[in-house]
Amino acid sequence: MCNPPFRSSLATTALTVLVWTLAATLAAAQEGGGGQPQTVAGCPALSRDFYPCAKPKAQAFTPPRTPDGKPDMQGAWTAPTATGSQNIEDYPGDTFLGPARSLIVDPSDGKVPYRPEWAAKRQEHLKEYIDPMGSCYAPGIPRQVYSPRGLNILQSPGIFAIVNELSHYYRIIPTDGSPHIGNTIRLYMGDSRGQWEGNTLVVDTDNLTDRTWLDIVGDFHSDALRVTERFTLIDRDTIFFETTLNDPKVYRQPWTMAFPLRRAAKGHEIMEEACYEGDHDLPHLLDNGFKIYLGLTPPK
C-alpha cells in the first residue's frame, strides 16, 4: 500500500492510525532509534532551542569537501524532529496525528503569521480536502526536505540534487549561476537556484503553484510564495536547515523554520517507493466526501 500523508474522516481513522504506526516504526528503524531525539549534535533538538545553538556551530565547523571544493553533504538524511510533516506548529496529538512541536523559530510564538482574511483557511482545508501529497502530488518547497522517509543528497560541479524515498520526488538545483526560468511558468516544485555563501548553500525557489501544503493539517501558501533555504553542516553527520517563506498575499510577514537533518545510520538505503501502486485510500476518501485540492484559486 502506498502510505503518504492524507486527510482522514472518522470512517478511515483506524486505517490511518495503522498506516502512521507502520510509517513511524519504519522511520525509527531506519534512524537507528525510537522516537524523537532530545539532542542533536550537542544542541537541544527542539527548533526554537536548536536554532541559536546551531548557528555558532555552523560558523565554527570545517566541513569535508567534494573534489570541486564545496562542502560535502552527500548521503542519506532524515529530519528526526519534523514528525513526517504532520504539523509545523505545536500540536498535542489526537487519534489521527501524533504530537508535534513547532518548527517555526520566527515569529517567536511558533505560529504561521497568516493575514487575518486567511486565518480560518487551514481548518477549511482540513475538513474538506485531501492533503495533496495524499493524492500523490509533489510536496512542494520546503516540504520536500521534511517529508516522510528521508532523502538523499547528490552533488556534482554546478549541481545540488535532492532525491526523496517517498514517491520518487526529486529536485535538481543548479549552482552554476544560471538565472531563474520565466515567471509565467508555475511548477509544483518551483524553480530552484543555489549559490554557495562560504560553507552554506543558499537556495532561492520561485515559480511555485498554490497547490501544495506545508503539512498534513492544511497549512498553505499562494502562488506568490518565494522560499529561501540554507543548508549548512555543523558536524559530519548534521545539517543545520533553515528556511524562510515570503508570501505577501497570505502572510503578514516573512517567517522562518529551522531544524536538523541527521545522517542516516550506516547501511541505510533510499528505497524506491512509488505512490499509486496498490493504493486504495484515495478512492475511499473521495467516497467519503473529501475533495482533491486544486489551490487557493482553483480552475473553473
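**Disulfides in a predicted model**

Me: How many disulfides does the count come to?
Reply: The model is predicted. A pair of cysteine sulfur atoms must lie within 2.5 Å to be taken as a disulfide. By this rule the count comes to 2.

Me: Which parts of the chain does the pair of C43 and C53 link?
Reply: The sulfur atoms of C43 and C53 are 2.0 Å apart, and the two form a disulfide. The cysteines stand 10 residues apart and link distant parts of the chain. C43 lies in strand β2 (residues 43–44), and C53 in helix α2 (residues 47–60).

Me: Is C43 buried or exposed?
Reply: Buried residues have under 20% relative accessible area. The relative accessible area of C43 is 0%, so C43 is buried.

Me: What is the handedness of the link of C136 and C275, with -70 degrees about the S-S bond?
Reply: C136 is joined to C275 by a disulfide, S to S 1.9 Å. C136 sits in the loop between β5 (129–130) and β6 (151–156), and C275 in the loop between β13 (255–263) and α4 (281–287). At -70 degrees about the S-S bond, the link of C136 and C275 is left-handed.

Me: Why does C275 count as buried?
Reply: The cut-off for buried is under 20% relative accessible area. C275 counts as buried because its relative accessibility is 7%.

Me: Where does pLDDT stay under 50?
Reply: The mean pLDDT of the chain is 87, and 87% of its residues reach 70 or more. One stretch, with 76 contacts beyond four places in sequence, has pLDDT under 50: residues 1–34.

Methods:
Residues numbered from 1 in each chain as written. Predicted model: local features only at pLDDT ≥ 70, side-chain atom pairs only at ≥ 80, totals over all residues. Heavy atoms only, no water. pLDDT = per-residue confidence, 0-100. Contact = heavy atoms within 4.5 Å. Helix = DSSP H or I, 4+ residues; strand = E, 2+ residues; numbered from the N terminus. Buried < 20%, exposed > 50% of the residue type's maximum accessible area, 1.4 Å probe, protein only.
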